[in-house]
Amino acid sequence: MKTLPGFRDLFPEDFARRRYLSGLWREAAGRYGFVEFDGPTLESSELYRKKNSGGEILGQLYEFTDKGDRSVALRPEVTPTLARMVAAKHREYPKPIRWFNVGTCFRYERQQRGRLREFLQFNCDLLGDATPAADAEVVALLIDLLRSFGLGSEHFAIRLSDRSAWHDFLALHGVESACAGEFLNIVDKMEKMPVEKTEELLAPFGIPLATIHQFIASGRIPALDPLLADLEARGLREFVRPDLGVVRGLAYYTGVVFEAFALQGNLRAIAGGGRYDRLLADLSDGSADLPAVGFGVGDAVLLELINEIPAAKSLEEKFLTSVPPVQIYLVIADEKQRAKALGLAQQLRGEGWRLAYPLGPEKVGKQFGTAESLGASHAVVIGSEWPSVTVKYLADRMEQELDHSALAVWLAESKALTS
Ligand code: HAM
């Protein structure tokens, strides 16, 4: 029996990598004053269909009818859930609201490198402030976050754009704003689509592909100036590149949009986000009209990227080896003392030490081998000398004999036991 395509078994070594990612995600969010929330992973399908997510994501929904005859979907993203939650209770929170989430999402996508059907996503969203200062705050958070993994401006960049520039472009070419979503979806997919296909899809809009390329190449996006000035003041300007080619595939974006991508390799976007000032009003029939901006990062591309960049890989390895499963291993050298060893094990665990011992009789040499493979820094040998025990510092085999009643204090004071 294998996992379904695009789903993963997380063995302890895989889960340790997830802990590394989510730990740094949470720390970055914390530095910017964001607090954690969560919502359900199963939602009414309507949440995504009703003017919300839109675009390609609707075709990727894990959708079914539940036993109560409701049409439901596993969440493909967290933004509609967040918008519903904030719309329901926003009066209870001071503005701006800064919330983050680390949660599982599901998309029935074609499986490829960095793209799965079940993945972990980190979302940061700032609600209740419509100014470029809010945009800059979330873009800066994204940059800081990626830097905390050991990635620099030589490894990633953030392509920044503003959908309002595209709305002006469409108005100039006589395209009604109601058709903008469909048009922007084509632009979003353009880079990955054969030219003939793009031309075929663009035909109903009456705008030649060459005109669109010219517009993208024209480059300047005046609406981004205040955001760029803010990032400049923070010393983060080198990480961002204005680029009209970024439009994003989700229907709810209204202003600034951005995507983080790796400068080398052929990876999909590391992160994506933007401003969505109408989603809360749409979801609450106008009762909660809050502007919002945010982004999402997935685990899969980030893990691929860490593997490729030595500086990032070595930071990860440092973390993975920093917390061994066990600090102390009790070596039971005399089975007659097992009851005493059990008492001691419970006492030390009660004091917070991560500790293991052999569950049945074993040769002493084998027990030391286990202690080392578990990463223990100390072995405590319990033998016929009880009530005396011998503590061995496994790094250099230095040892000390002491009464078991003094052990807890000795360990607490031991400088060698750092983790
Ligand atoms: P998104 O661009 O659809 O945006 O996803 C954001 C990130 O989630 C992607 O850049 C990628 O890292 C990860 N991701 C998406 N789909 C997959 C997949 N199938 N497998 C692995 N990773 C994936 C959103 O989801 C928006 N809700 C983000 C947002 C928050 N916008 C405003 N606030």
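## A first look around the model

Let's start inside: helix 11 (residues 299-308) is mostly covered, with seven of its 10 residues buried. Buried here means under 20% relative accessible area, exposed means over 50%, and partly exposed is anything in between, using a 1.4 Å probe and protein chains only. Helices (H or I, at least four residues) and strands (E, at least two) are DSSP runs, numbered from the N terminus.

This is a predicted model, in which local features need pLDDT of at least 70 and side-chain atom pairs count only at pLDDT 80 or more, while totals for chains, interfaces and linings use all residues. Residues are numbered from 1 along each chain as its sequence is written, and side-chain values use heavy atoms, with hydrogens and water left out.

Back to helix 11. Its buried residues are Asp299, Ala300, Val301, Leu302, Leu303, Leu305 and Ile306. What covers them?

### The whole protein

Stepping back, the protein has 15 helices and 16 strands. Buried residues make up 50% of its 419 residues. Its C-alpha trace spans about 90 × 55 × 45 Å along the principal axes. The radius of gyration is 27 Å, whereas a compact globule of 419 residues would have one near 22 Å; the radius is taken over C-alpha atoms, and the globule rule is 2.2 Å times the number of residues to the power 0.38.

Contact means heavy atoms within 4.5 Å. Among the contacts with a separation of 6 or more, 69% are between residues 24 or more positions apart.

As for charge, there are 49 positive and 57 negative side chains, and the centres of the two sets lie 3 Å apart. Lys and Arg count as positive and Asp and Glu as negative, with His and the chain ends not counted; each charge is placed at NZ of Lys, CZ of Arg, CG of Asp or CD of Glu.

### Rings meeting rings

The structure holds 20 aromatic pairs. Rings of Phe, Tyr and Trp (its six-membered ring) pair if their centres lie within 6.5 Å; planes under 30 degrees apart count as stacked, over 60 as edge-to-face and the rest as tilted.

One of these pairs is Phe37 with Trp99, a tilted pair at 5.3 Å centre to centre and 35° between the planes. This pair links distant parts of the chain, 62 residues apart: Phe37 sits in the loop between strand 1 (35-36) and strand 2 (42-44), and Trp99 in strand 5 (residues 97-106). Both Phe37 and Trp99 are buried. Then there are Tyr252 and Tyr253, whose ring centres are 4.9 Å apart with planes at 65°, so this pair is edge-to-face. Both tyrosines, Tyr252 and Tyr253, are buried too.

Rings also gather in groups: Trp166, Phe169, Phe183, Phe205 and Phe215 form one aromatic cluster. Phe215 belongs to helix 8 (residues 209-218) and is buried, with a relative accessible area of 17%. Setting aside neighbours within four places in sequence, Phe215 is in contact with Ala165, Trp166, Phe169 and Leu244.

Most residues other than glycine have a negative phi, and most peptide bonds are trans. Here are some spots that go the other way.

| Where | Backbone value |
|---|---|
| Lys95 to Pro96 | cis, omega about -5° |
| Trp386 to Pro387 | cis, omega near 15° |
| Asp69 | positive phi, near 70° |
| Asp285 | positive phi, about 50° |

Pro96 is in the loop between helix 3 (79-89) and strand 5, and Pro387 is in the loop between strand 14 (378-382) and strand 15 (388-393). Asp69 lies in the loop between strand 3 (63-65) and strand 4 (71-74). Is Asp69 buried or exposed? Asp69 is exposed, at 66% relative accessible area.

Asp285 lies in the loop between helix 10 (279-283) and strand 11, and this residue is exposed as well, at 67%. Which residues does Lys50 contact, leaving aside its neighbours within four places in sequence? They are Asp282, Leu283 and Asp285. Lys50 itself is in the loop between helix 2 (46-49) and strand 3, and is partly exposed, with a relative accessible area of 30%. Although Lys50 and Asp282 are 232 residues apart in sequence, their C-alpha atoms are 8.5 Å apart in space.
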